Amino acid sequence: SQTQVAPTVKVINLGLRAYDARTGRERWHIDTPTPIVGQGLVAGRGPNAVLYIGLGNGTMAKIAVSDGRILWRYDYGRGQSQGQPALADGKLVFGAWNGHLHCLDAATGKLCWKWTNGSKSLFLSPGNIVPRIAGGRVFIDAPDRAVTCLDLASGSVVWRCTDYKAREASGMSADGKRFYVKTMDGELLAVATDADRYTELWTVDAGWGYDHNPCPVEVREGVAYMANRTGCVASVSGDGRLFWAEKFASSAANDFFVDADNRLWVTFIEGKIFCLGDPVVR
């Protein structure tokens, strides 16, 4: 007879974990029934700091950074919230892969409004966008290839533009006057945020051609940085001049990050990390 060997079962706990930055020790964790794929937003400092993040499929939450307490949770049904939420005027705005952009009261988690582009396809949802807010307006560029401006208070449409193949990658100037949109043709658009209709300030072509990388546009010291799916990064001035466009890697960029010393970092899917440093013009 053959000896029966019991199979080894490995339990993988899904959820959110916080670690002490100095020691690497776990501070707290929150178990979730599904994986978390979204990027969170930390607001405030010290003991009052809070984290807004999607806790897996169909849920957005506000969490105390100090101890992991869930201060509120909003269950919206289905779909991950993949992009980072935005916070302004006491409202939290986020998209999800359920066809909707949601606006919550940041203090209570109650729904203020939700908006849909009307598409029946969930693939055109604002699931992986970072909403940009300026002057009481919300700006997004979802996979429906439209640039949309909504009123923050009501969620009503101020304007929509489908002239360009916009998709997911966007940024905002420090003064809130320019909404930056990267198109699927490798262009960077600057759109006025205070106009009552779509008003394009300038367009810069990085020379990349077709691109669908959702890496957000980062703005540092008045310069906008965008990246594509083949490892390229471009630097554009606030008045629409292409400073440089260079290839750093062979894969899509994940995201940019500005550290406490004002250094700009960029990471790529293949595992490479670059510090772009100074000067911004090369």
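## A buried arginine and its partner

In this predicted model, R137 is buried, with a relative accessible area of 13%, and the side chain of this arginine meets that of D196 in a salt bridge with an N to O distance of 2.5 Å. D196, by contrast, is exposed, at a relative accessible area of 59%, so the bridge joins a residue on the buried side of the 20% cut-off to one on the exposed side of the 50% cut-off. The two residues belong to distant parts of the chain, since R137 sits in strand β12 (residues 137–142) whereas D196 lies in the loop between β17 (187–192) and β18 (200–205), 59 residues apart.

## Other salt bridges

The count of salt bridges comes to 15, and the pair of D144 and R160 is one of them, with the closest N and O atoms 3.3 Å apart. This pair, too, links distant parts of the chain, with D144 in the loop between β12 and β13 (146–151) and R160 in strand β14 (residues 157–161), 16 residues apart. D144 is buried, at a relative accessible area of 17%, while R160 counts as partly exposed at 35%.

A further salt bridge is formed where the side chains of D185 and K165 meet, at 3.3 Å from N to O. Because D185 lies in the loop between β16 (178–183) and β17, and K165 in the loop between β14 and β15, the pair ties together parts that are 20 residues apart in sequence. D185 is partly exposed, with a relative accessibility of 31%, and K165 is likewise partly exposed, with a relative accessible area of 32%.

## A four-stranded open sheet

Four strands form an open sheet in the order β19-β20-β21-β22, and their pairing is antiparallel. The edges are taken by β19 (218–220) and β22 (242–247), each of which has a single partner strand, so one side of each is left without a neighbour in the sheet. On average, and with direction ignored, neighbouring strands of this sheet are turned by 20° against each other.

Within the sheet, strand β20 (residues 223–227) pairs with strand β21 (residues 232–236) in the antiparallel sense, over four bridges.

## The largest pocket

The largest pocket holds about 530 Å³ of space. Its lining is made up of 21 residues, and those closest to the centre of the pocket are L41, Q84, V130, R132 and E218. Two or more lining residues come from each of β7 (86–88), β11 (132–134), β15 (166–172), β19 and β23 (253–258), and of these β23 gives the most, with four residues. By class, the lining divides into 15 nonpolar, three polar and three charged residues.

## The second largest pocket

In the second largest pocket there is about 300 Å³ of space, lined by 18 residues, of which Q39, Q82, N128, P216 and N254 are the closest to its centre. Strand β23 again gives the most to the lining, here with three residues. The lining of this second largest pocket consists of eight nonpolar, eight polar and two charged residues.

Methods
Residues numbered from 1 in each chain as written. Predicted model: local features only at pLDDT ≥ 70, side-chain atom pairs only at ≥ 80, totals over all residues. Heavy atoms only, no water. Pairing = 2+ DSSP bridges. Axes fitted to C-alpha atoms, helices over the stretch in contact; angles between N-to-C directions. 1 Å grid on protein atoms, 1.4 Å probe; cavity = no way out; pocket = protein on both sides within 12 Å on 5 of 7 lines; lining within 4 Å. Points joined across faces, edges and corners; volume = space filled by probe spheres on them. Nonpolar A, V, L, I, M, F, W, Y, C, P; charged D, E, K, R; others polar. Salt bridge = Lys/Arg side-chain N within 4 Å of Asp/Glu carboxyl O. Buried < 20%, exposed > 50% of the residue type's maximum accessible area, 1.4 Å probe, protein only.
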